[in-house]
Amino acid sequence: MFISDCRREFYDVIVSQRVLLLVASDVDALCACKILQALFQCDHVQYTLVPVSGWQELETAFLEHKDQFKYFVLINCGANVDLLEILQPEEDTFFFVCDSHRPINVVNVYNDTQIKLLVKQDDDLDVPAYDDIFRDEEDEEEDSECDSDGSEPSEKRRRFEEGVIERTMKRRQRREWEARRREIIFDYEQYEYHGTSSAMVMFDLAWIMSKDLNDMLWYYKNTQEESEVTNLFLRMKYVTDIGILQRHVSRHNHRNEDEENSLSIDCMRIAFEYDLRLALYQHWSLYESLCNTSYTSASLKLWSVQGQKRLQEFLADMGLPLKQVKQKFNSMDMSLKENLREMIEESANKFGMKDLRVQTFSIHFGFKNKFSASDIVYATASLMENIEKEGPETTNFIKALDSLSRGNLDKLHQGLDLAKKQLRAIQQTVASCICTNLVISQGPFLYCSLMEGTPDVKLFSKPVSLCLLSKYLLKSFVCSTKNKRCKLLPLIMAAPMDVEQGTVIMVGIPPETESSDKKNFFGRAFEKAADSTNSRTLHNHFDMSIIELKTEDRSKFLDALISLLS
């Protein structure tokens, strides 16, 4: 059931209860969790936080805690499946689900007792009507006994024939209704996409309660930048939300210039600005950032010798010496940095990179520490998928969550270093895949598989890293191929998951097009292909377009996909 008043129907209900927070492992979920934690601390709400990275961990966490808790808050997990069927909870258990995954399962929508959905009502949800997908069970048993006392045989026969016709008509109507229901459900669940971010829902709750802070606003902003980095949300939604954010930023960070109202330089300040679409360039060298940013790497085709020449020409056109661009950005001459953005933008237009300037937000802590929202997204995502074991499974999650707090800049800098390694690994893998022609057309989609022994292959056994690699590879392939048909195809990417168990992780992403439609049809296609071939798959990720598959079942699974999508 959709909640119309988050404060009254959600927060006021749980504020006096013990609550279990089940939080997915993505940047949006972490930011929403930070906002909710701040609200809980204000009102001294007792809660336990459990990170969950997939459906198996969600079920395990519920089974371990169901006797101690009656109220569960799920962040970025649980909306797109039938929760009651999966978890089998008691009738006095209640779930509050704040999830950006779409479409929302219809059973969750129409359950008005145990499932409460925290979703912005202005989202275009297109949920089917109740009568189209649910039908009250009818008693189909007809009273076949006829009153024989004084009845003529012809009367009995006539009533019997009328009953047969009536039952036949009812069965036909039911078959037609069921066929129509299957068609409606298929149309509704066919595409997977993302709606309003969970952090935005939580920030709106804090705003309504007059408890919104600059820190909360920054968490909300990071989720918007995540959508730009990973292409999760629809482009028009991103543009709309930027406008909303700008108003909140002005409200929180506007001060008159007199001494009485001026902020201390050590205070946290958020600013809206136009910046360069270059990954981590303020914490890296300009040269490394140009080489390892998806947009510039694909536009200049840096995997080729000709592309490297174009990069040198690009730098020469700006008049920037190699010695300057190859040292840390902070160490560059101030005279060069003053007009750097305008110089880069002017030269980028000559080299066909017209979208190098983007709208974004930055955060300042005093004179020294300045971060853009994309810096935080890259750092947090890298901390969450750090492949170096440093303790229990939840260590990465806790580190990533802590890195969002301004008091933990050391963890944030650690995340930035990991992000640089990740971006280098992605660009090297993209260059290798294109130069060795690993991206092949399978008819209705492109396919690329990383072999065991590929450099950094362990990193790409993680879902977010593999998704980033897939998006960067598709963008680069579209820029490099001359085949017009291939430019319109989606991509399926596979990487080794667990060598001992013989499994691969596979992700499907939509085509690289100019349209704002980021809907993904691979989730349902994967399910159907697995069912039709009895492939041993594990649909454990909250994103349905990511699956785990037995290596020996891969060929028949792909054949089924080709047949299904052709």
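Residues are numbered from 1 along each chain as its sequence is written, and, the model being predicted, local features need pLDDT of at least 70, side-chain atom pairs count only at pLDDT 80 or more, and totals for chains, interfaces and linings use all residues. Side-chain values use heavy atoms, with hydrogens and water left out.

Helix α17 (residues 373-384) and helix α18 (residues 395-403) have axes that come within 7 Å and cross at roughly 165°, where axes are lines fitted to C-alpha atoms, for helices over the stretch in contact, and angles run from 0 to 180 degrees between N-to-C directions. Helices (H or I, at least four residues) and strands (E, at least two) are DSSP runs, numbered from the N terminus. The helices α17 and α18 are therefore roughly antiparallel to each other, a term applied to angles over 145 degrees. The crossing of α17 past α18 is right-handed, that is, the near helix is turned clockwise from the far one by less than a right angle. On the α17 side the contact (heavy atoms within 4.5 Å) is made by T380, L383 and M384, and on the α18 side by N396, K399, A400 and S403. By class, this contact has three nonpolar, three polar and one charged residues, with Ala, Val, Leu, Ile, Met, Phe, Trp, Tyr, Cys and Pro counted as nonpolar, Asp, Glu, Lys and Arg as charged, and the others, Gly among them, as polar.

Across the whole structure, a search finds 20 aromatic pairs, defined as rings of Phe, Tyr and Trp (its six-membered ring) with centres within 6.5 Å, edge-to-face if the planes are over 60 degrees apart. One of them, W55 with F542, is edge-to-face, at 4.8 Å centre to centre and 85° between the planes. This pair links distant parts of the chain, 487 residues apart, with W55 in helix α3 (residues 55-65) and F542 in the loop between β15 (537-538) and β16 (546-550). Both W55 and F542 are buried (under 20% relative accessible area; partly exposed denotes values between this and over 50%, which is exposed, with a 1.4 Å probe and protein chains only). Y110 and Y130 also form an edge-to-face pair, at 5.4 Å centre to centre and 75° between the planes. Because Y110 lies in helix α5 (residues 106-110) and Y130 in helix α6 (residues 130-133), the pair ties together parts that are 20 residues apart in sequence. Y110 is partly exposed at 29% relative accessibility, and Y130 is partly exposed with a relative accessible area of 39%.

R269 is placed in strand β8 (residues 268-276) and counts as partly exposed at 27% relative accessibility. R269 and I363 are 94 residues apart in sequence, yet 5.6 Å apart in space, C-alpha to C-alpha.

Technical notes
Angles under 35 degrees count as roughly parallel, over 145 as roughly antiparallel, 65 to 115 as roughly perpendicular and the rest as oblique. Rings of Phe, Tyr and Trp (its six-membered ring) pair if their centres lie within 6.5 Å; planes under 30 degrees apart count as stacked, over 60 as edge-to-face and the rest as tilted.
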